[in-house]
Amino acid sequence: MIKINLPKAKEIVHAARREARAEEFKPHDEIIMKQIPGNDFDNAEAERVKIRAKYATIQDEIDACTDAEQLKEKLQNL
């Protein structure tokens, strides 16, 4: 029988969540960092706020998981 270390598994899924969030941030980060003309800073920041909220919810859902199957589902949905 394989026993899964749930806290360690959650850490792994959280790392994947952070990577997925970073990928979604990339285009908006470039606009903000480079102040690219023709791109609206306020819109980029508004999108970043939406992304933060989305991944905060996912973080809470991961923390609430009670078994490996739930974590696996969260990981597949990232």
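**Close-up views of a predicted model**

**View 1. Alanine 53 sits within helix H2.** In this predicted model, alanine 53 has a relative accessibility of 45% and therefore counts as partly exposed, since that class lies between the limit of under 20% for buried and that of over 50% for exposed.

**View 2. Helix H1 packs with helix H3.** The two helices, H1 spanning residues 6-34 and H3 spanning residues 68-76, meet at an angle of about 5 degrees, and their axes are 10 Å apart. Because angles under 35 degrees count as roughly parallel, H1 is described as roughly parallel to H3. On the H1 side the contact is formed by Leu6, Ala9, Lys10, Val13 and Ala16, which meet Ala68, Leu71, Lys74 and Leu75 of H3. Sorted by class, the residues of this contact comprise seven nonpolar and two charged ones, with no polar residue.

**View 3. The largest nonpolar core is made up of ten residues.** Its members are Ala9, Val13, Ala20, Phe25, Ile51, Tyr55, Ile58, Ile62, Cys65 and Leu71. Helix H1 and helix H2, the latter covering residues 41-64, each contribute at least two residues to this core. In soluble globular proteins, nonpolar side chains tend to be buried together.

**View 4. Alanine 9 belongs to the largest nonpolar core and also to the contact of H1 with H3.** When neighbours within four places in sequence are left aside, alanine 9 is in contact with Ile4 and Leu71. Leu71, for its part, is a residue of H3 and is likewise listed in the core.

Notes: Residues numbered from 1 in each chain as written. Predicted model: local features only at pLDDT ≥ 70, side-chain atom pairs only at ≥ 80, totals over all residues. Heavy atoms only, no water. Axes fitted to C-alpha atoms, helices over the stretch in contact; angles between N-to-C directions. Helix = DSSP H or I, 4+ residues; strand = E, 2+ residues; numbered from the N terminus. Parallel < 35°, antiparallel > 145°, perpendicular 65-115°, else oblique. Contact = heavy atoms within 4.5 Å. Nonpolar A, V, L, I, M, F, W, Y, C, P; charged D, E, K, R; others polar. Core = buried A, V, L, I, M, F, W, Y, C linked by side-chain atoms within 4.5 Å. Buried < 20%, exposed > 50% of the residue type's maximum accessible area, 1.4 Å probe, protein only.
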